[in-house]
Amino acid sequence: MSSSEGKFTQAIEKHLLPLANKIQRQKYLQALQNAFLTFMPLTIIGSLATIIISPFYDYTTMSQTASSYAFFKAWGVFVENYGGPFALLNAATLGSISLYTAMGCSYFLARHYKINTIISPILTIVTFLLLDSSSVDGGFSTAFFGGEGLFAAILIAIFVTEFYRFLITKKIGDISLPESAPPVLRQSFSSLFPIGIVALSATALTYVFHYVVQIPFPQAILNCFHPLVVATDNVFGAGLCALLAQFCWWFGIHDTAVTSIMEPFLMSNYAINAKMFAAGTPAAQLPHIFTEPFFWNFVTIGGSGATLALVLLLVRSRSKHLKTVGRLGLIPAFFNINEPVLFGLPVILNPLFLVPFVLAEVFNSVATYLVMAANLVNKPYIYPGWNIPTPIQQFLATMDWRAAVWAILLVVLDGVIYYPFVKVFENQKLAEENEADSMTQGASAPAKASEK
């Protein structure tokens, strides 16, 4: 590494690394990220329910002589007659993502503060139902239970947990029972007034939004965040997110320092797409491209840096070191796990791989956004998870065979980006290996001569 590169790296470590570490350790972002990871199975189950109730083609518009007509007719008739429970399953999982986010975020914040991890989430749910819902025929409206209410749900979780913590820390309204009383009962009574104060505050806020502002609380929050959503849900925002994430990761700063900030936008956009598709909106007319499955299924193919193509190149390398790393990382790469390559090659802090490591993912992000914007590939409305092999995950995210073809093409193009850099590194390694072999042979020659 040259002196200029060394100074640049030192400057990054001095100024950027501390900031990234603070972001990664930020309690609200950590709580939110842990909440998303915890209920990921629910989003996957909800996605499967979406697939079941959403046939790829409407059999009523197909020719009866088509080879697949019988299949899609049977599927469509099944959904018409028996799809109700699956639609309910979708609504109870993916369609209620805001409710679970509020509950999960409150739980992890309460655990961080070492306060009651049952009362805080329950109080958050009560507040969520007051502010994020309304009374409909004696029940609760679920209009903002999905992605539309996600930002409001996050704010509710933070506000309720922090307010409740403040009240019990300051012992405001604390009721102290004798030591002889059961511990659970003493804890319950000590929380009575704090719970009441939080609940009444939420009720008062609900009154303000319903009767004074006359806009539902989640809609008001959504209006505030709308400019930011618009600013990120475009080709420049998608490319910039990939650029910052990879640039940080190359320096050893995990890409979650960037993606955790974007997670609420990605998840909200995805949930809105899924809800609208389940309601009958065609995939080509869905409002969002920059979503959770867009980033994790199309941008990071093979793991951060789109390294599946890199691994395939390494497997065919003439260098023993590169080929060994490629073989060790091949199977994990198909499941989007690339640590064996990132640290075994290495890619991290290797100046030679900075450009392709950043460029491949930015290219995938920008190119995929443009392809989806042109309706050449369906917009994603299903999140199958990040660790399903390519191109299966891309097909499942869009239920579009063209997405699978596009994913294979992306791997090829990523390979073109990585290829010249791999060849340079390969030549370096071959020279080192040849020199090591020569030294080994030179050292063994005198030993053989002495034996004779």
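Student: Let me start with a cysteine: is C105 buried or exposed?
Tutor: C105 is buried, with a relative accessible area of 0%. Buried means under 20% relative accessible area, exposed means over 50%, and partly exposed is what lies in between, using a 1.4 Å probe and protein chains only. C241 is buried too, at 5%. Before we go on, a word on the source: this is a predicted model, in which local features need pLDDT of at least 70 and side-chain atom pairs count only at pLDDT 80 or more, while totals for chains, interfaces and linings use all residues. Residues are numbered from 1 along each chain as its sequence is written, and side-chain values use heavy atoms, with hydrogens and water left out.

Student: How many disulfides does the structure hold?
Tutor: A disulfide is a covalent bond between the sulfur atoms of two cysteines. Here it is counted when a pair of cysteine sulfur atoms lies within 2.5 Å. The structure holds 0 disulfides.

Student: Which residues of α2 are buried?
Tutor: They are A31, L32, A35 and F36. These residues cover an arc of only 135° around the axis, so they sit on the same side of α2. The arc is taken from the directions that run from the helix axis to the C-beta atoms. On the face turned away from that buried side, you will find the exposed residues L37 and T38.

Student: Which residue caps the N-terminal end of α2?
Tutor: That is Q26, with a side-chain oxygen 2.8 Å from the backbone nitrogen of Y28. A polar contact is a pair of N or O atoms within 3.5 Å; within protein, one must be able to donate a hydrogen and the other to accept it, and residues adjacent in sequence count only if both atoms are side-chain atoms.

Student: Now the rings. How many aromatic pairs are there?
Tutor: There are 20 aromatic pairs in the structure. One of them is Y59 with Y69, an edge-to-face pair at 6.4 Å centre to centre with 65° between the planes. Rings of Phe, Tyr and Trp (its six-membered ring) pair if their centres lie within 6.5 Å; planes under 30 degrees apart are stacked, over 60 edge-to-face, and the rest tilted. This pair links distant parts of the chain, 10 residues apart: Y59 is in the loop between α3 (40-52) and α4 (69-82), and Y69 is in helix α4. Y59 counts as buried at 14% relative accessibility, and Y69 counts as buried at 14%.

Student: And what kind of aromatic pair do F78 and Y82 form?
Tutor: A tilted one, 5.8 Å centre to centre with 40° between the planes. Both lie in helix α4, 4 residues apart, about one turn of the helix. F78 is partly exposed at 33%, whereas Y82 is exposed at 54%. Ring pairs also link F71, F72 and W75 into a cluster.

Student: Where does the charged end of R165 sit?
Tutor: Over the ring of Y113, 3.9 Å from its centre. The rule is that NZ of Lys or CZ of Arg must be within 6 Å of the ring centre and within 35 degrees of the ring normal.

Student: What should I know about backbone angles?
Tutor: Most residues other than glycine have a negative phi, and most peptide bonds are trans. In this model, a cis peptide bond joins L345 and P346, with omega about -5°. P346 lies in the loop between α17 (339-344) and α18 (354-373). Another cis bond joins T390 and P391, with omega about 5°.

Student: Where is K114 found, then?
Tutor: In the loop between α6 (97-113) and α7 (119-131).

How values were computed: Helices (H or I, at least four residues) and strands (E, at least two) are DSSP runs, numbered from the N terminus.
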